[in-house]
Amino acid sequence: MTFRRCWVVFGVVALGLLSRDVASRAADTAAVFVEALRSRGMHDLTLDYLERAQHDRLVGNEFRKRIPYERGITLKAQWRHATSIPERQRLAAEARKTLEDFATTAKEGALAADAQSQVASLLIKTATRELALLKQRPGTSAKNKAIRKEARQNFQDARDLLTKSEKLMVAELAKFSKTLDPKTQSKEIDQRLRMRRKLAQLRVVRSRLLHQMASTFKSGAKEADKLNEKGAKELVALYDKYSGFSFGLRARLVQGECYLDLQEYKKAIACFDDVIAQSGNSNSLRRLLTSAMMLEARCYIEQKQYAAVGKKQGVWLQERQNKVSVEPDVLAVKYQVAEAMRLHSALPKTEEAEKRQLLLSAKDLYRQVAKNQNEFQKLAQATLVETFGNEATERPVPETFADALQAAKDAINDKVTAERALSAAEKNNPAAVPALQETAEAGLVDAMHFLQLAQQLVDEETPREKLNETRWLAGWLLMQDEQYYRSAVLGSFLTRRYPADTKAPKAAQIAMISYQKIYQKARADAGDAVSPKTGHAAADKLKNLASFITRRWGETDLAESAFGLLLGFSIQEKEFSEALQLVDQLEASRQPVFRAKIGNAMWETQLRAGSQQESTIDRVAMQRQALQILSESFSALKGDASARDTLAATSLYLVQSKINAGNYAEAIQMLEDPQAGPIALSKTTGRVASRPVYAIEAYKSALRAYVSVAPPKTDKAIATMAELEKVAEKTSSGGGKLTRVYVNLGVQLKRQIKTLQGEGKTNESKRVSEAFVTFLDRLSQRGISDPIVRRWIAQTYYQLAEGLEGDSSAEKMRQTYYAKAQSSFQALLDDPKITSGDPNKLLAMKLQYGQTLRRSGKFKDAVQLFESILVEKEAMIEVQKAAAYTLQEWGNASDATKFDEAVRGTGPRNAKGKKVIWGWSQMGKVAGSIARSRPEMKARFKDLFNECWLNIARVRYFKAMKAKGVEKKKHLKGARDVVKHIIDYYPDMLETPRHKDFDNLVKDIQRAEGNASPDGLKEFVQAP
């Protein structure tokens, strides 16, 4: 990201800061800016700004000192939003180190204290999250123990950090005068008050960590008891000190938790009663109140005082109108009350009437908990099935349509609830699985029964929409039960008979899914005997239904899905004419967008066929038809804002087709169309065009067009590169994405030049090459500092030179391009900023530079460079191969002594006395060993093994071609013997693509021996 862009973003963000209070506006501008970025989740941008702010003279010294702190806070915020485990671990480690280093450097002050607290917070959240995941997905005993141990250590580290933070905060508070004047020092009074509150909260958190550490041991363990006892002692002191504040009540609540785990129930209840009494009706303390209620209920339940729960927590639910609340905290209380009622009903002294009432009330509470997301949901779902079983599903016989429909819905709810509980039961409570399966099955049967009964109870007053609701529910249940034919028929009936009904679109969706299932099953059952006609009946019904949906609900997501099915069948069966006929049935105004989609699909199909070398379709004819459809659609959709997503693909495909056809001026005209060109569309909010990948493709196409047109539009090409950089920054991979874009662009241009050469357009291919080089030269002259772009320029020079290999008329141009590549790579390697960067990237750049020297015929320089790499990284196979090929080519070009070095190796000796350049012989041994011992790498290294032996044979052939008489015959025989050895001992080589290279080499040997009709490997064996 450029520094200029940071300040553009700052200008935008600052607009949102104008309404802040005076204190915020008076704060350091940089600090306000950073906080604004961070609050909006722009963490990468924040880190980039902080990096640049270190050297920005406009940034104040005070803020510059706290940059490491701000960076640590930002990394922690980024950690909270990370999803992958490796990324979370990396960010956590980096945030911790950054903040701890800052605290160590700062030594004192409020920020140093806060840095310590922030690290402690990170450790606590990490440990808590790991323990929660462990509870959900327990692993092996050893793994569980290790996770708990690590969590315990994190909690302990957090306590140590909070202790350090406490000392710093106490020191800061001591700096305040003991007597502050409210009239003149109100600001200092407020600061002191805020710091005292932070200190109190810190102390409560630190003491609570003892209880959390205790939770990492098994219940009742001596270590856990000691920690809880210590925690209770610390927390009671904090409560006594801060009892008038919310954090004092929090200390009391956690103290009660410590006593609860110690099974000192009276002390625990006393703590919870204090919290309940002081919370009262305060909304700010509502969560403390409900937590206390829930924990106190646990105390009573563990003492088997079930009636006490009903009298206190049960009455509280009634009085506070919490009976219908679905908030997680309240649901936790409801679960405990339900548990107390259930256990109370099981006591021997409970009378039958009271038992029924208790179970009825418990069942109602369990159902509320089971239906809503909370920590006790799965337990409530399992309890409903395990405790109440079939009794839970018993329902009165409905006497009216409305009652029957409601009974069906209740049965469906039971079915869904049981199915949700099944996944948890399979892992945590296998014994409950049969009962849950039985309940789910019973729910399905009951629901179908009540739906049939509802249809029997229909009378003249029954609303038609309610009757259709029973049909839709029945179709859904049949689909759930995998009775796809029946659900398809029922869904189709409701769709076609009552298309205006609100349930018709849902019924259509059921029918489509069911027909798809029938079709897929037919093809799966056919196995190897599958044919285009397999599942034809279901496919026809599906296509007819999809056609109806498209006509009826043409502007909905359902219609999009239906047409997608039609299009999918058309693509699969390559029957685009059928799809076009369906579109012809639509209103004329709605046809262009669907025709454009078909054209897009045809274009993609022929592209796919080309990449996969599929010969079953006429690509030229399909291209021609697709382009005609796309051109017509483009003109029709230009002014249709609702069709921008489809137009985006159409516009881009047309541009790319014009570039491929060499119509660069036309491509540029369409690219720059202010209304419908890809560049203009990429700046809209369309679902397709607004994606960075679309903008990248648009600008990439523009770049190709600008450098290919005659004369090239170099200035526009350079401006386009600036736009490309901006778009690439918006992607998650940033610079890496830009690098891939540039490399891909170079590949495309290289392919374009190859195509022109293949079509005999030699002059055109050279013109495009020269135009592109002119653009690259201009770009280099601008003094580009971005190493990514500079590396791309060097690589592209190299690729362009490589593309001219084999064209004798372009030899001078090829050498010019190689020279440009050399100077570009040399400049990169002479830049200390680049050479001091990532060592792996540096080695890769050296390899590319070495390849450039090799291709230019500067073999000695290339070998020396490869040696310098291999001294550091001897096992870099690509470098070993490049070195061997260079020596081989050197021998063929001028110095025959290099042939032996290509095979046997050369260069300085390593610690084991081996040459750092292995040569084909040693490389082949290494490849063979890895292929035998590493199954996952066998394919790659087996191919390298074959390549090594191919070149050992080639070297002997090259030696022969430089010799005469007996010496020549000896080397030719040696080359043939190598090939025969490979075939005799490694016949699987004949099943690989390498057999063609061996075949060509043997033919060369046979020609050198005077055979005018060489047959290659047939001399040894019938070649595949």
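Lys149 is exposed, with a relative accessible area of 57%, which is over the 50% that the word "exposed" calls for. Keep in mind as you look around that this is a predicted model. Lys149 has its place in helix H9, which covers residues 141-174. From there, let's visit a charged patch and then some aromatic rings.

**A charged patch**
- On the surface, Lys149 gathers with Lys145, Arg148 and Lys218 in a patch of positive charge.

**Aromatic pairs**
- A search of the whole structure turns up 15 aromatic pairs.
- One of them joins Tyr69 and Phe102: the ring centres are 5.6 Å apart and the planes stand at 45°, so this pair is tilted.
- Tyr69 sits in helix H6 (residues 67-81) and Phe102 in helix H7 (residues 85-106), so the pair ties together parts that are 33 residues apart in sequence.
- Both Tyr69 and Phe102 are buried.
- Tyr335 and Phe376 form an aromatic pair that is stacked, with 4.7 Å from centre to centre and 10° between the planes.
- This pair of Tyr335 and Phe376 links distant parts of the chain, 41 residues apart. Tyr335 belongs to helix H16 (residues 328-345), while Phe376 is found in the loop between helix H17 (352-371) and helix H18 (377-393).
- Tyr335 is buried, and Phe376 is buried too.

**An aromatic cluster**

Terms used: Residues numbered from 1 in each chain as written. Predicted model: local features only at pLDDT ≥ 70, side-chain atom pairs only at ≥ 80, totals over all residues. Heavy atoms only, no water. Patch = residues over 30% accessible without salt bridge, like charges linked within 9 Å, V, L, I, M, F, W, Y side chains within 5 Å. Areas by Shrake-Rupley, 256 points an atom, 1.4 Å probe, with all protein chains shown as cover. Salt bridge = Lys/Arg side-chain N within 4 Å of Asp/Glu carboxyl O. Lys, Arg positive; Asp, Glu negative; His and termini not counted. Charge placed at Lys NZ, Arg CZ, Asp CG, Glu CD. Helix = DSSP H or I, 4+ residues; strand = E, 2+ residues; numbered from the N terminus. Buried < 20%, exposed > 50% of the residue type's maximum accessible area, 1.4 Å probe, protein only. Phe/Tyr/Trp six-rings, centres within 6.5 Å; stacked < 30°, edge-to-face > 60°.
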